[in-house]
Amino acid sequence: MKKKQLEMLLEGLEGFSNPSTDKEQYATPACVAADLLYLAYLRGDLDDVCDLGCGTGILAIGAAILGAKAVGIEVDAQAIEIAKKNAARFGFEVDFVRGDVNSIALNNIKTVVMNPPFGAQKASSGDRAFLEKAIQIANVVYSIHNLGSEGFIRRIVEPCCIDEIYRIKYPLKRCFEFHSQDVKIIEVDLYRITCH
């Protein structure tokens with residue numbers, strides 16, 4: 001499957017019905033999800049995959065479309081229900097589990113894919129816990145973060161290595177009343193982190 005085909009399929013997924021600002025529930029755009037997943041696919045990293053903070057399931061479902069055995073972890077019960085409907089609509093089996101990133105225990109995960117909350121609304125709910133869990137449970141991590149976070153990311157994932165950083169455009173759609181534009185293009189960094 002070509003990356004554009006994957007993106008078009010992911011465009012059809014249902015997003016958050018009532019996103020939370022506290023949980024920073026921004027739907028991962030299909031173009032961003034396709035970029036992340038296709039990179040992992042080309043590197044041979046899509047076998048056993050976990051999407052931490054999966055929201056409505058775009059990364060976990062996309063990984064399953066590309067042949068991975070995927071699990072999605074999400075604390076929000078409503079988002080999990082939407083994710084299950086999204087997977088069923090495409091006929092893919094994805095194991096969606098409701099749970100907090102700090103309390104889950106997973107084995108045999110090769111790769112984590114994630115678009116964690118950046119901590120822009122509440123610093124205490126930022127990406128630190130997601131990164132710490134990701135490097136604990138997986139050999140390879142693909143993760144999206146605010147531009148300019150490299151020093152912070154390196155400190156959190158040490159002794160793991162940041163192998164690659166890709167700057168990507170992230171079309172942030174209006175989903176909260178404080179948003180002033182229908183779509184705002186921001187730049188983010190996509191990290192590939194390996195732990196041996």
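On a 1 Å grid over the protein atoms alone, a pocket is an open set of points where a 1.4 Å probe fits, with protein on both sides within 12 Å along at least five of seven lines, and its lining residues have an atom within 4 Å of a point. The model is predicted, so local features need pLDDT of at least 70 and side-chain atom pairs pLDDT 80 or more, while totals for chains, interfaces and linings use all residues. Residues are numbered from 1 along each chain as its sequence is written, and side-chain values use heavy atoms, without hydrogens and water.

The second largest pocket holds about 170 Å³ of space, a volume being the space filled by probe spheres set on grid points that are joined across faces, edges and corners. Its lining consists of Asp48, Val49, Lys69, Ala70, Val71, Asp95, Leu106, Asn107, Asn108 and Ile109. Strands S1 (48-52) and S2 (69-74) are the elements that give two or more residues to this lining, and S2 gives the most, with 3 residues; strands (E, at least two residues) and helices (H or I, at least four) are DSSP runs numbered from the N terminus. The lining divides into 5 nonpolar, 2 polar and 3 charged residues.

The model has 1 aromatic pair, where pairing requires ring centres within 6.5 Å and planes under 30 degrees apart count as stacked, over 60 as edge-to-face and the rest as tilted. The rings of Tyr38 and Tyr41 have centres 5.6 Å apart and planes at 40 degrees, so the pair is tilted. Both residues lie in helix H2 (residues 30-42), 3 residues apart, about one turn of the helix. Their exposure is classed as buried under 20% relative accessible area, exposed over 50% and partly exposed in between, with a 1.4 Å probe and protein chains only.

| Residue | Relative accessible area | Class |
|---|---|---|
| Tyr38 | 17% | buried |
| Tyr41 | 36% | partly exposed |

Terms used. Ala, Val, Leu, Ile, Met, Phe, Trp, Tyr, Cys and Pro count as nonpolar, Asp, Glu, Lys and Arg as charged, and the others, Gly among them, as polar. Rings of Phe, Tyr and Trp (its six-membered ring) pair if their centres lie within 6.5 Å; planes under 30 degrees apart count as stacked, over 60 as edge-to-face and the rest as tilted.
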